[in-house]
Amino acid sequence: WSNALCKGYAFNAMATHPLLVMLRSRQILRSKIMTEILAVAQRGEAILTLKAAPVAESELGSAWLNQLSNAMYTTMMQRSGVGIAAPQFYISKRIIIVASRANPRYPDAPDMDAVVMVNPEITQMSDATCIGEEGCLSVPDARGEVVRAETISVKYLSLAGEPKHVTYHGFVARIVQHEVDHLDGILFVDRL
Ligand code: K1U
Ligand code: ZN
């Protein structure tokens, strides 16, 4: 069941019910990805508990990766999110988007252009932590105060495969940690 393929999308199908996860993924991809607004997986669904697979080198710069990232971005904006991860769209691959903007809870958060991170890896986390409110599009109606590293460094690839290494502080660092958690099957409610 590992690495089952569906139109170029690989799924880690080692979940409790691999056939169900795979069929649901296939169904949703076929029906929704062309509309660019994707269904968001909800807490309790197996896909959100999996460790996502790295994007392969052969996929970098591909049309499907660009299309997927466009659909993730469009859905994130439509749902007023400040971040998103591919497993939230039933795609168990290591892709996240980070898109901080000032909001009532974090009025001083920087407004940034959305950054797509492929195969992100947090290389450093400060010992200094901070506590802040988080929400999640996969856990509607829940908010919680989560302790996170104040500063992190993350290395990742761009959609075209260019290597990047960036340091973030505060709210942006929080979003990156929240989204990388999604890639490891962890929800913010698991950290409360
Ligand atoms: O589900 C997600 O991964 C998106 C999530 C990202 C996130 C929000 C807050 C802290 C870390 C990561 C959201 O965008 S939830 C909606 C939102 O815009 C928000 C919620 C709480 C505080 C600030 C913003
Ligand atoms: Zn989330």
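Mentor: Helices (H or I, at least four residues) and strands (E, at least two) are DSSP runs, numbered from the N terminus. The model is predicted, so local features need pLDDT of at least 70 and side-chain atom pairs pLDDT 80 or more, while totals for chains, interfaces and linings use all residues. Residues are numbered from 1 along each chain, chains are lettered from A and ligands numbered from 1 as written, and side-chain values use heavy atoms, without hydrogens or water.

Trainee: Which residue with a positive phi follows α3?

Mentor: Helix α3 covers residues 170-183. Its phi being near 75 degrees, the residue that follows α3 is G185.

Trainee: Is H178 buried or exposed?

Mentor: Buried means under 20% relative accessible area, exposed over 50%, partly exposed in between (1.4 Å probe, protein chains only). The relative accessible area of H178 is 8%, so H178 is buried.

Trainee: How much of the area of ligand 1 does the protein bury?

Mentor: An oxygen atom of ligand 1 is 3.1 Å from an N or O atom in the side chain of H178. Accessible areas come from the Shrake-Rupley method with a 1.4 Å probe; for residues, only the protein chains shown count as cover. Of the 510 Å² that ligand 1 exposes when taken alone, the protein buries 94%.

Note on methods. Polar contact = N/O pair within 3.5 Å; in protein donor to acceptor, adjacent residues only side chain to side chain.
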